[in-house]
Amino acid sequence: MSDVETGADIGRGNRPLSPHLQVYKPQITSVMSAFHRITGVGNSIGAALVAWWFIAAATGEGAFGFIDGFLTSWFGHLVLLGFTFSLCYHLCNGIRHLLWDAGYGFELDQVKTTGLVALAAAGLMALGLFFVGWMN
Amino acid sequence: MTMLTPRARVRGLGSARSGTEHWWSHRLSAISLAILAPFFFIPFAIALGKPWVEVVSIYKHPFHAIVAAAFMLTVFWHMRLGLQVVVEDYIHAPALRTGLLIAVKLGTMLLGFAAAFSIAMIAFSV
């Protein structure tokens, strides 16, 4: 894409751009930060499905049967699998972000440790939700 | 040395004309959701995949209905603030940017209200 096509670059001509993402080596800090946004957008799709499920339940048995049929199909299970991991990641890493907002955990070793803790907690939480869903 | 008047400093507003409300509201909704999450998702995981009659009977319970409605309203508010930032960061074409920002604001509010209203309908149905 040429520089003048996008609104942000109007008037900047051919001046050099600052180094972009691809010049940096991926690290736990940057990758987990990117995934926080990606899972946030992903969770939006999941939340819309949950809203649909409630609206269908209020509408009646027929409308509910349609969305229930989708969610209990193999593809629906795949969507729920992705949504559960995405949700648990965003929740656990979100608590990590809130701790940063409160002023804690900025040392490099702490950032790495809390990142790994958030990942492990998200995995366990997702497995816990699967267990609750399957057992009941 | 600041160029701001004392009044402008107190208000905390720069050239963007809005201050920290967006950031603060995003964090406040995040804390609310983190607290509500187990109370919403455990009954939800139990209800998901059950027949309609059983799902309705779960959400007829005032506790589950109130938690679910509060969670849905808060989640779509949190989503509105988050998606707004994503659009503002990555979409630069003016018409598309404005269109998407309007769609995010109206869409999330519509879904949040519709979900909460539906839960209330289930709870109040005979």
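Chain B of this predicted model contains 5 helices and 0 strands. Read from the N terminus, its elements follow the order α-α-α-α-α.

The overall form of chain B can be described by its extent. Its C-alpha trace spans about 65 × 35 × 25 Å along the principal axes. The radius of gyration of chain B is 19 Å, whereas a compact globule of 126 residues would have one near 14 Å. Of the 126 residues in chain B, 36% are buried. Where contacts in chain B link residues at least 6 apart in sequence, 69% of them join residues at least 24 apart.

The surface of chain B comes next. Its accessible area is about 7700 Å², and carbon and sulfur atoms account for 74% of that. Chain B carries 10 positive and 4 negative side chains, with 9 Å between the centres of the two sets.

The largest nonpolar core has 55 residues, and A:Trp53, A:Phe54, B:Phe40, B:Tyr59, B:Phe71 and B:Met72 have the most contacts inside it. At least two residues of this core come from each of several helices, including helix 1 (28-59) of chain A and helix 2 (21-47) of chain B. Helix 4 of chain B supplies the largest share, 11 residues. Apart from its neighbours within four places in sequence, B:Met72 is in contact with A:Val50 and A:Phe54 as well as B:Phe40, B:Gly112, B:Ala115 and B:Ile119.

In chain A, the segment before helix 1 includes A:Gln27. A:Gln27 counts as partly exposed because its relative accessibility is 47%, which falls between the cut-offs of 20% and 50%. The C-alpha atoms of A:Gln27 and A:Lys112 are separated by 9.6 Å, although the two are 85 residues apart along the chain.

Terms used: Residues numbered from 1 in each chain as written. Chains lettered and ligands numbered in written order. Predicted model: local features only at pLDDT ≥ 70, side-chain atom pairs only at ≥ 80, totals over all residues. Heavy atoms only, no water. Core = buried A, V, L, I, M, F, W, Y, C linked by side-chain atoms within 4.5 Å. Buried < 20%, exposed > 50% of the residue type's maximum accessible area, 1.4 Å probe, protein only. Helix = DSSP H or I, 4+ residues; strand = E, 2+ residues; numbered from the N terminus. Contact = heavy atoms within 4.5 Å. Rg over C-alpha atoms; globule rule 2.2 N^0.38 Å. Areas by Shrake-Rupley, 256 points an atom, 1.4 Å probe, with all protein chains shown as cover. Lys, Arg positive; Asp, Glu negative; His and termini not counted. Charge placed at Lys NZ, Arg CZ, Asp CG, Glu CD.
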